[in-house]
Amino acid sequence: MGGDHFLQVRSVKVFFDGALGSRGAAFYRPYNDDPDNIGVLEIRPDHLYDVARAGLLTDMQIAPHAIGMRGNGEWLDQFARALQEHPVDDHRFRSEHAQIVRADDVSRFVELGVIPSMQPIHATSDMSFVEDRIGPDRAEQGAYVWRAFIDAGSIVASGSDFTVESHRPLWGFYAAVTRQDHDGRPMEGWYPDQRMTRAEALRSYMI
Ligand SMILES: [Zn+2]
């Protein structure tokens with residue numbers, strides 16, 4: 001932790017993989033609509049381990065931007081190594097976005113105490129192209145699965161991702177509880193099993 005009684009710096013975001021729309025989010029298998037591409041890691045996983053280790057030793061919360069299954073999976077791998085060597089309770093390390101994860105990794109978030117820091121409006125902004133990018137199997141398994149995270153025992157922290165998205169919290173709240181766009185589509189919601197209740201959505205934005 002750095003700073004004084006005027007300003008405290010508690011957290012560092014580290015860019016690990018890219019975004020889904022531009023096919024930079026990292027996966028273990030290629031994009032369905034770009035068969036030679038598995039996305040990019042901006043830094044080497046062992047560098048992320050060094051950053052995580054430094055964060056644990058200095059009480060600085062590390063929050064890698066991790067969007068794809070590999071971005072999230074490799075982050076959990078590296079953090080597990082660092083935490084085993086330097087155990088810290090209530091570390092509040094996060095995955096920023098945690099957008100698309102392997103089903104098996106949901107429980108690893110809980111075990112390691114890594115907080116899925118999510119932006120519900122990403123689901124409804126991206127839903128028109130998610131299945132083109134990664135196919136319905138990966139989308140169903142782990143795309144914007146805040147219900148799965150909550151049921152497994154994670155504390156999901158929601159935000160806006162302003163300036164990528166609107167700052168308006170109610171737009172994100174609406175996406176969290178409906179998984180519909182502003183025209184009410186799709187009618188049943190996009191992968192509606194993953195909806196939050198209103199109380200869960202409120203909690204995730206306030207916590
Ligand atoms: Zn980000």
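At what angle do helix α2 (residues 69-85) and helix α3 (residues 105-112) pack, and how far apart are their axes? The first legend below gives the answer; the views are taken from a predicted model.

**View 1. The packing of helices α2 and α3.** Helix α2, formed by residues 69-85, packs with helix α3, formed by residues 105-112, at an angle of about 30°, and their axes are 11 Å apart. Angles under 35 degrees count as roughly parallel, and α2 and α3 are therefore described as roughly parallel to each other. The crossing in which α2 passes α3 is left-handed. On the side of α2, the contact is made by Met 69, Asn 72, Gly 73, Leu 76, Asp 77, Phe 79, Ala 80 and Leu 83. Helix α3 contributes Asp 105, Arg 108, Phe 109 and Leu 112 to this contact.

**View 2. Aromatic pairs, including Phe 27 with Tyr 31.** The structure contains 7 aromatic pairs. One of them joins Phe 27 and Tyr 31 in an edge-to-face arrangement, with 5.4 Å centre to centre and 80° between the planes. Residues under 20% relative accessible area count as buried. Phe 27 is therefore buried, at 1% relative accessibility, and Tyr 31 is likewise buried, with a relative accessible area of 2%. Elsewhere, Trp 75, Phe 79 and Phe 93 are linked into a cluster by ring pairs. Phe 79 of this cluster is also one of the α2 residues in the contact with α3.

View 3. When neighbours within four places in sequence are left aside, Gln 99 is in contact with Leu 20, Ala 66, Ile 67, Asn 72, His 122, Asp 126, Gly 142, Ala 143 and Tyr 144. Among these partners, Asn 72 also belongs to the contact of α2 with α3.

**View 4. The buried residues of helix α7 and the helices around them.** Helix α7 spans residues 169-178, and its buried residues are Gly 172, Phe 173, Ala 175, Ala 176, Val 177 and Thr 178. These buried residues pack against three elements: α4 (121-126), α6 (146-152) and α8 (198-206). Just after α7, Arg 179 adopts a positive phi of about 50°.

Methods: Residues numbered from 1 in each chain as written. Predicted model: local features only at pLDDT ≥ 70, side-chain atom pairs only at ≥ 80, totals over all residues. Heavy atoms only, no water. Axes fitted to C-alpha atoms, helices over the stretch in contact; angles between N-to-C directions. Helix = DSSP H or I, 4+ residues; strand = E, 2+ residues; numbered from the N terminus. Parallel < 35°, antiparallel > 145°, perpendicular 65-115°, else oblique. Left-handed = near helix turned anticlockwise from the far one by under 90°. Contact = heavy atoms within 4.5 Å. Phe/Tyr/Trp six-rings, centres within 6.5 Å; stacked < 30°, edge-to-face > 60°. Buried < 20%, exposed > 50% of the residue type's maximum accessible area, 1.4 Å probe, protein only.
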